[in-house]
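Have the viewer open as you read.

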Amino acid sequence: MTRLINKALTLFAVTALPLAHGSVANAQVSGIATANPTVAIARAKAFSTAYAQIGTQYKSFFDQIETRNKTLNGLRAQLDTDNNKQLTQEELDAAVRAKNPVLQTIQTEEAEIQKLQTPAIKAQMFAVESIFREYSNAQQQVVADKKIGVILNPDAFLYAPEAANVTNAITAALDKRVPSVSITPPADWQPQRATVSLHQQLQQLLVASARSQAAQQQQPPAAQPASR
């Protein structure tokens with residue numbers, strides 16, 4: 001299971017950014033609805049609160065990670081022989097053939113970063129697993145309330161009206177069922193395989209959300225019409 005946690009280290013976010021909510025659906029279409037479990041959990045209050053708490057509790061770790069990442073980037077730049085700010089496989093292979101000592105230093109830095117990330121990653125996974133444990137019950141509640149016969153993943157539809165999307169309704173049910181979760185796993189706790197996969201999906205969603213918000217902030221303000 002340690003290997004599964006290590007896979008998650010490549011997608012690491014400190015805090016959960018707020019994800020935009022669409023309008024809550026009032027009705028499904030012909031008993032068929034759509035929902036995105038990852039988005040439903042990411043919008044849950046317990047999720048954002050847990051990630052914020054983890055960001056505070058492990059702040060000193062994150063500061064060290066940021067410093068080491070800067071060092072790591074500088075080391076990798078030393079292997080970028082054509083100075084195009086992209087380290088290619090060919091450049092790595094050349095460094096290996098030359099037995100460049102920078103490679104060992106990079107491995108050491110990467111190992112230290114992984115060691116610093118692991119406690120926060122486990123805390124995130126523990127919180128995610130606690131929320132996910134209630135997902136099925138929350139979904140069933142929405143199914144009963146809205147008299148839904150089938151719920152499909154959004155990818156299964158070529159087209160579906162907004163009224164068919166019950167993701168926000170499931171989030172609302174989750175908020176009632178699990179308003180908060182612990183971020184302190186037992187010493188011997190290990191995440192389930194499904195938890196590791198869900199955690200990676202959530203990290204990807206958070207990264208995409210952060211990039212989208214950053215892009216919006218960088219857009220120039222709309223030109224004001226000239227006064228007459």
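## A pair within helix H4

Asp 63 is partly exposed, with a relative accessible area of 36%; on this scale buried is under 20%, exposed is over 50%, and partly exposed is in between (1.4 Å probe, protein chains only). Its partner in a salt bridge is Lys 59, with the closest N and O atoms 3.0 Å apart. The term salt bridge needs a side-chain nitrogen of Lys or Arg within 4 Å of a carboxyl oxygen of Asp or Glu. Lys 59 is partly exposed too, at 48%. Both residues lie in helix H4, four residues apart, about one turn of the helix. An α-helix has 3.6 residues a turn, so residues three or four places apart point the same way.

A word on provenance: this is a predicted model, where local features need pLDDT of at least 70 and side-chain atom pairs count only at pLDDT 80 or more, while totals for chains, interfaces and linings use all residues. Residues are numbered from 1 along each chain as its sequence is written, and side-chain values use heavy atoms, leaving out hydrogens and water.

## Other salt bridges

The whole structure has five salt bridges. Among them, Arg 76 meets Glu 110 at 2.9 Å, N to O. Arg 76 sits in helix H4 and Glu 110 in helix H6, so this pair ties together parts 34 residues apart in sequence. Arg 76 is partly exposed at 31%, and Glu 110 is partly exposed at 35%.

## Helix H8, mostly tucked away

Helices here are DSSP runs (H or I, at least four residues), as are strands (E, at least two), numbered from the N terminus. Eight of the 11 residues of H8 (residues 167–177) are buried, so the rest of the structure largely encloses this helix. Those buried residues pack against strand S1 (32–34) and helices H2 (37–42), H3 (45–57), H6 (102–132) and H7 (135–146).

Which residues does Leu 174 touch beyond its neighbours within four places in sequence? Its contacts (heavy atoms within 4.5 Å) include Ala 40, Ile 41, Ile 131 and Tyr 135.

## The nonpolar core

A nonpolar core is a set of buried Ala, Val, Leu, Ile, Met, Phe, Trp, Tyr and Cys residues joined through side-chain atoms within 4.5 Å. The largest has 44 residues, and Ile 41, Phe 47, Ile 131, Val 166, Ile 170 and Leu 174 touch the most other members. H6 gives the most to this core, with 10 residues. A second, separate core of five residues includes Ile 121, Met 125, Phe 126 and Trp 189.
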